[in-house]
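Trainee: I would like to go through the labels used for this model and ask what each one rests on.
Mentor: Go ahead; the model comes first.

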Amino acid sequence: MKVLGINGSPRKGGNTDILLEEALKGAASSGAECEKIMLNDLHFSACQECARPPDNGNCVVDDDMQAVYKKVDMANVVIVASPVFFGSLSAQTKMMIDRFQCRWRAKYVTGFVNSTPPGKKGAFISVSAGDKKEYFDNAASIIKNFFATVGAVYTGELFCAGLENKGDVLKCSEIFNAVFKLGQKAVKN
Ligand SMILES: Cc1cc2nc3c(=O)[nH]c(=O)nc-3n(C[C@H](O)[C@H](O)[C@H](O)COP(=O)(O)O)c2cc1C
């Protein structure tokens with residue numbers, strides 16, 4: 001069982017990072033092999049909206065996203081974590097998702113099926129400084145679209161509002177149990 005955690009926050013050791021790490025600890029406690037990607041450490045471009053990407057579901061742009069496609073393909077569970085930026089996902093997260101347009105086209109236009117484990121699951125973690133529920137809803141709707149594109153069933157989410165500064169989440173002890181369980185459950189069910 002492989003679990004891939006994708007962190008779309010630029011802040012290492014920030015609130016998103018801390019919660020994602022805890023979710024991965026939960027997944028590891030259920031016996032999963034876990035890996036985390038920090039999107040901000042990768043070098044990749046935004047989608048170039050080429051008129052016609054190849055029919056095999058791969059993107060023509062040769063950058064660090066090529067490794068991300070492989071990791072997402074191989075994962076049984078994908079956990080995406082992003083802070084709320086301007087009412088939605090971080091730019092890093094959205095840029096990665098846009099680069100899955102090649103997979104969207106393969107799935108919905110050309111009918112090419114990329115090999116991926118059956119029963120793939122996806123979960124979403126998000127944090128924000130304010131407490132606008134609609135911002136989490138915005139972010140989650142894009143993530144649901146992403147998971148549908150990569151063939152993952154949306155199985156869990158955890159949102160934590162009121163976190164402004166790096167590490168603020170450490171004051172919210174009750175959330176740790178919930179996010180650990182999110183990781184654990186994603187692997188078990
Ligand atoms: C560019 C930017 C935009 C932000 N936009 C919002 C926002 O629209 N609503 C909100 O509640 N918080 C917003 N925030 C605050 C972050 O969501 C918050 O500080 C979060 O805890 C950062 O998570 P991190 O430590 O994982 O990076 C924004 C922060 C930045 C840097």
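**Salt bridges and exposure**

Mentor: This is a predicted model. In it, the side chains of Asp 17 and Lys 36 form a salt bridge, with N to O at 2.6 Å. This pair joins distant parts of the chain: Asp 17 belongs to helix α1 (residues 15-29) and Lys 36 to strand β2, 19 residues apart.

Trainee: What makes the contact of Asp 17 and Lys 36 a salt bridge?
Mentor: The cut-off is a side-chain nitrogen of Lys or Arg within 4 Å of a carboxyl oxygen of Asp or Glu. The N to O value for Asp 17 and Lys 36 is 2.6 Å, so the pair meets the definition.

Trainee: Is Asp 17 buried or exposed, and how do you know?
Mentor: Buried means under 20% relative accessible area. Asp 17 has 7% relative accessibility, so Asp 17 counts as buried.

Trainee: Why is Lys 36 called partly exposed?
Mentor: Partly exposed covers what is between buried, under 20%, and exposed, over 50%. Lys 36 has 28% relative accessibility and therefore counts as partly exposed.

Trainee: Which residues are joined with Asp 17 into one network?
Mentor: Through salt bridges that share partners, Asp 17, Glu 21 and Lys 36 form one network.

Trainee: How many salt bridges does a search of the whole structure find?
Mentor: The search finds 11. One of them is between the side chains of Lys 2 and Glu 33, at 3.2 Å from N to O. Here too distant parts of the chain are linked, with Lys 2 in strand β1 (residues 2-7) and Glu 33 in strand β2 (residues 33-38), 31 residues apart. Lys 2 has 29% relative accessibility, so Lys 2 counts as partly exposed.

Trainee: Where do Asp 137 and Lys 133 lie?
Mentor: Both are in helix α5 (residues 133-149), four residues apart, which is about one turn of the helix.

Trainee: Which residues make the nonpolar surface patch?
Mentor: Trp 104, Tyr 108 and Val 109 make the patch, with an area of about 300 Å². Val 109 is in helix α4 (residues 101-110).

Trainee: Why is Val 109 called exposed?
Mentor: Val 109 is at 52% relative accessibility and therefore counts as exposed.

Technical notes:
Residues numbered from 1 in each chain as written. Predicted model: local features only at pLDDT ≥ 70, side-chain atom pairs only at ≥ 80, totals over all residues. Heavy atoms only, no water. Patch = residues over 30% accessible without salt bridge, like charges linked within 9 Å, V, L, I, M, F, W, Y side chains within 5 Å. Areas by Shrake-Rupley, 256 points an atom, 1.4 Å probe, with all protein chains shown as cover. Helix = DSSP H or I, 4+ residues; strand = E, 2+ residues; numbered from the N terminus. Buried < 20%, exposed > 50% of the residue type's maximum accessible area, 1.4 Å probe, protein only.
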